[in-house]
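Look at the model first, then read on.

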Amino acid sequence: MDTKKTSNGWSDEELEASVDAYLKMWTLEQSGQAFTKSVENRLLREGPLHLRSASSIEYRMQNISAVFEQLGLKRITGYMPAKNIGAGVSERIRKVLAAKPALHAERHTAKADNPVPEKRTTASKPSLEIEPQGILNPRQLFTVSVSFARALHVRRLVRQLANGICEGCDQPAPFAGEDGQPFLEVHHVKHLAQKGSDRTTNAVALCPNCHQRCHRSGDRDAFTEGLYSKVQRLARE
Ligand SMILES: [Zn+2]
Ligand SMILES: [Zn+2]
């Protein structure tokens with residue numbers, strides 16, 4: 001547990017502000033709403049990331065895109081994943097993301113009558129505002145957390161259903177991931193980009209080979225057909 005440690009000089013608060021801004025844009029994009037990257041970038045520099053340059057914030061967003069891809073989540077289209085993201089930064093971003101659904105669950109049980117998350121225990125550090133006006137108010141953060149938690153939940157569920165076996169070739173996952181679990185990638189049979197739904201009836205857990213086969217092979221249509229006839233829970237959309 002080295003949450004206090006900083007990599008590349010970014011504090012936990014700065015990383016979290018970046019993740020919050022990313023999640024906000026991600027939610028807007030998922031629901032087909034417009035946003036302007038440069039405006040979000042400027043708001044961050046006027047608020048919690050006043051020590052950072054526009055380009056370093058842009059790069060941080062690309063880091064978050066890389067983590068989204070590692071998690072099998074659709075990233076924000078406008079932020080290409082940064083290729084050489086360090087393991088340390090990746091791990092810290094994952095931790096911040098993992099805390100978001102927890103925040104959501106906690107609020108539901110503890111404060112079901114008042115679903116507005118308060119600021120977390122950052123009150124002792126008034127110099128760094130996590131949710132300044134204009135970037136993400138508490139109610140928006142709550143909505144974002146719910147929507148992110150739901151997306152992550154689907155992926156976890158699909159991996160659980162596959163139980164370590166690729167649903168394409170029925171072979172065990174080729175290796176264990178960083179989390180020690182069998183490494184399988186979640187693929188949306190009707191692609192999200194084609195407005196496929198993010199539900200277990202449209203998602204399979206595949207080994208990296210089968211996943212690439214779905215996207216790049218000459219027989220990808222036939223292979224996808226095979227998934228529909230083989231994986232019972234799938235429904236055509
Ligand atoms: Zn496979
Ligand atoms: Zn895929």
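## The zinc site

The zinc ion (ligand 1) is coordinated by C166 (SG), C169 (SG), C207 (SG) and C210 (SG), at 2.3 to 2.4 Å. Donors are N, O and S atoms within 2.8 Å of the metal (3.2 Å for Na, K and Ca); water is not among the atoms, so sites may look incomplete. This is a predicted model: local features need pLDDT of at least 70, side-chain atom pairs count only at pLDDT 80 or more, and totals for chains, interfaces and linings use all residues. Residues are numbered from 1 along each chain as its sequence is written, chains are lettered from A and ligands numbered from 1 in the order in which they are written, and side-chain values use heavy atoms, with hydrogens and water left out.

The donor spacing in sequence is C-x2-C-x37-C-x2-C. Angles between the four donor atoms run from 106 to 116°, so the arrangement is tetrahedral (four donors with all angles between 85 and 135 degrees). The ideal tetrahedral angle is 109.5 degrees.

Buried means under 20% relative accessible area, exposed over 50%, partly exposed in between (1.4 Å probe, protein chains only).

| Residue | Burial | Relative accessible area |
|---|---|---|
| C166 | buried | 1% |
| C210 | buried | 5% |

A search of the whole structure finds zero disulfides (pairs of cysteine sulfur atoms within 2.5 Å).

How values were computed. Four donors count as tetrahedral if all angles lie between 85 and 135 degrees; four count as square planar and six as octahedral if opposite donors are over 155 degrees apart and all others between 65 and 115; anything else is irregular.
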